[in-house]
Amino acid sequence: MTAQAQDPYRIGRSGGGEGEETTGRGEGGPASKRTTVGYGFWIYLLSDIILFSGFFAAYAVLAKQTAGGPGPRDLFGQERVAIETAALLLSSFTCGLAGVAAERRNLLWAQAGLLATGMLGAVFLGLELSEFAEMIGKGAGPQRSAFLSAFFGLVGLHGLHIGVGLLWLGTMMAQLWVKGFQPQILRRLMCFNLFWHALDIVWVGIFTMVYLMGVAP
Amino acid sequence: MSEHSDSGDTAPGAEAAGGEEFAGGIASYAVGLALAALLTAAAFLVVNVPVVWRPAIPMALVVLAVAQMGVHLVFFLHVTTGPDNTNNVLALAFGALVVLLLIGGSVWILSHLDHAMMPMDRQMHGFP
């Protein structure tokens with residue numbers, strides 16, 4: 001199919017040439033694919049954050065309903081949360097560096113940044129799972145009280161996102177390795193970057209509301 | 001990517017105007033990391049060291065968290081007030097509105113219900 005057949009009215013006034021970036025408010029035709037893909041993924045991320053906000057609301061409402069069981073002060077250790085927070089923040093940083101390296105078509109640094117991101121994400125997930133295992137071992141599982149149900153729901157949902165993100169990350173590294181810097185690979189990488197940064201933003205909410213407010217004097 | 005005119009849209013997370021904006025490139029991520037680390041450290045400090053008046057600690061934590069989310073949005077996600085970001089900012093504003101309504105509304109309504117409800121022990125034994 002020729003460019004003329006795809007766009008008979010030449011809405012994209014560049015004539016459909018490759019590599020043309022015709023963007024913005026209808027001037028010069030529709031936005032580039034990179035912009036529309038990024039925008040669509042941004043909308044998804046916002047809806048995901050709204051999903052999280054439901055869990056946040058449930059936690060805020062149920063946080064004091066411990067049913068005579070252990071409360072936040074008995075369960076949460078600040079050291080582990082501090083390490084988790086540092087790991088996730090650093091992974092957000094390395095993920096951004098990988099994105100910049102990919103923009104500059106530097107395969108080595110892009111892969112190194114993604115690898116660092118994945119390892120820091122794995123550290124985070126490992127610490128979180130060990131915390132869950134410890135709590136369940138102490139008899140403070142999700143079935144103990146409304147507070148613990150809300151806690152496992154909220155923090156577990158975030159952990160699930162991190163786990164899925166790690167799978168995505170591995171896939172991206174493999175695709176980058178095999179296919180190189182093709183436009184669609186770069187777009188996926190951009191979406192992954194957005195996803196990972198958004199998860200870090202959600203974690204800011206979690207460590208503030210769940211962990212720090214839970215142990216605040 | 002680098003061909004944007006100033007009237008074009010940018011994808012969220014993409015840098016506008018050939019990286020000439022304030023929060024562009026690796027420097028942006030470094031500044032963002034430093035600020036975020038600072039705000040995180042401040043949040044942990046507020047909880048562990050008596051620097052803030054006790055009843056104000058939750059509010060101080062909320063302020064620090066909102067500030068850190070702002071830092072993440074600007075320096076990591078490159079959401080700016082520039083004309084190329086109008087759509088992204090509008091979508092974000094709507095998302096923030098829904099989040100505020102959901103969390104604020106739930107907490108508000110349920111705290112009122114909780115307040116208006118009779119304590120469990122009195123409910124079971126009737127009025128004194």
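Start by selecting helix 7 of chain A and helix 2 of chain B. They pack at an angle of about 170°, with their axes 10 Å apart. Axes here are lines fitted to C-alpha atoms, for helices over the stretch in contact, and angles run from 0 to 180 degrees between N-to-C directions. Helix 7 of chain A is therefore roughly antiparallel to helix 2 of chain B. The cut-offs are these: angles under 35 degrees are roughly parallel, over 145 roughly antiparallel, 65 to 115 roughly perpendicular, and the rest oblique. Helices (H or I, at least four residues) and strands (E, at least two) are DSSP runs, numbered from the N terminus.

A word on the model and its labels. This is a predicted model, in which local features need pLDDT of at least 70 and side-chain atom pairs count only at pLDDT 80 or more, while totals for chains, interfaces and linings use all residues. Residues are numbered from 1 along each chain as its sequence is written, and chains are lettered from A and ligands numbered from 1 in the order in which they are written.

**Stop 1**

On helix 7 of chain A, select A:His197, A:Asp200, A:Ile201, A:Val204, A:Gly205, A:Thr208, A:Leu212 and A:Met213. Two residues are in contact if their C-beta atoms, placed from the backbone, lie within 7 Å. Colour them by type: nine are nonpolar, five polar and one charged. Ala, Val, Leu, Ile, Met, Phe, Trp, Tyr, Cys and Pro count as nonpolar, Asp, Glu, Lys and Arg as charged, and the others, Gly among them, as polar.

**Stop 2: where the chains touch**

Now show both chains. The contact takes 45 residues from chain A and 44 residues from chain B. On the chain B side, helix 1 (25-48), helix 2 (57-76) and helix 3 (86-116) each give two or more residues. Helix 3 of chain B gives the most, with twelve residues. The chain B side divides into 27 nonpolar, 14 polar and three charged residues.

**Stop 3: the core**

Select A:Phe56, A:Leu154, A:Leu194 and A:Val210. These have the most contacts inside the largest nonpolar core, which has 76 residues. A nonpolar core is a set of buried Ala, Val, Leu, Ile, Met, Phe, Trp, Tyr and Cys residues joined through C-beta atoms within 7 Å. A residue is buried if 20 or more other C-beta atoms lie within 10 Å of its own, exposed if 12 or fewer, and partly exposed in between, with C-beta atoms placed from the backbone.

Which helix supplies the largest share of this core? Helix 7 of chain A does, with 19 residues. Helix 1 and helix 2 of chain B each supply at least two residues, as do helix 2, helix 4, helix 5, helix 6 and helix 7 of chain A.

Zoom in on A:Leu194. Leaving aside its neighbours within four places in sequence, A:Leu194 is in contact with A:Phe41, A:Trp42, A:Leu45, B:Pro12, B:Gly13 and B:Leu77.

**Stop 4**

Select residues 107-137 of chain A. This is helix 5, with 31 residues. From its first C-alpha to its last, helix 5 reaches 44 Å, close to the 45 Å expected. The expected span is 1.5 Å times one less than the number of residues. Buried residues of this helix include A:Ala110, A:Gly113, A:Leu114 and A:Thr117. Helix 4 (78-103), helix 6 (146-179) and helix 7 (183-215) of chain A are among what covers them. After helix 5 comes A:Gly139, with a positive phi near 85°.

Helix 4 of chain A has 26 residues and reaches 38 Å, close to the 38 Å expected. A:Arg105 follows helix 4, and its phi is positive, near 60°.

**Stop 5**

Most residues other than glycine have a negative phi. Look at two with a positive value.

- A:Ala67 has phi near 50°. Find it in the loop between helix 2 (33-62) and helix 3 (72-75) of chain A.
- B:His78 has phi of about 55°. Find it in the loop between helix 2 and helix 3 of chain B.

Which is buried and which is exposed? A:Ala67 counts as exposed because it has 9 C-beta neighbours inside 10 Å. B:His78 counts as buried because it has 25.

**Last stop: each chain whole**

Chain A has seven helices and zero strands. Of its 217 residues, 39% are buried. Chain B has four helices and zero strands. Of its 128 residues, 30% count as buried.
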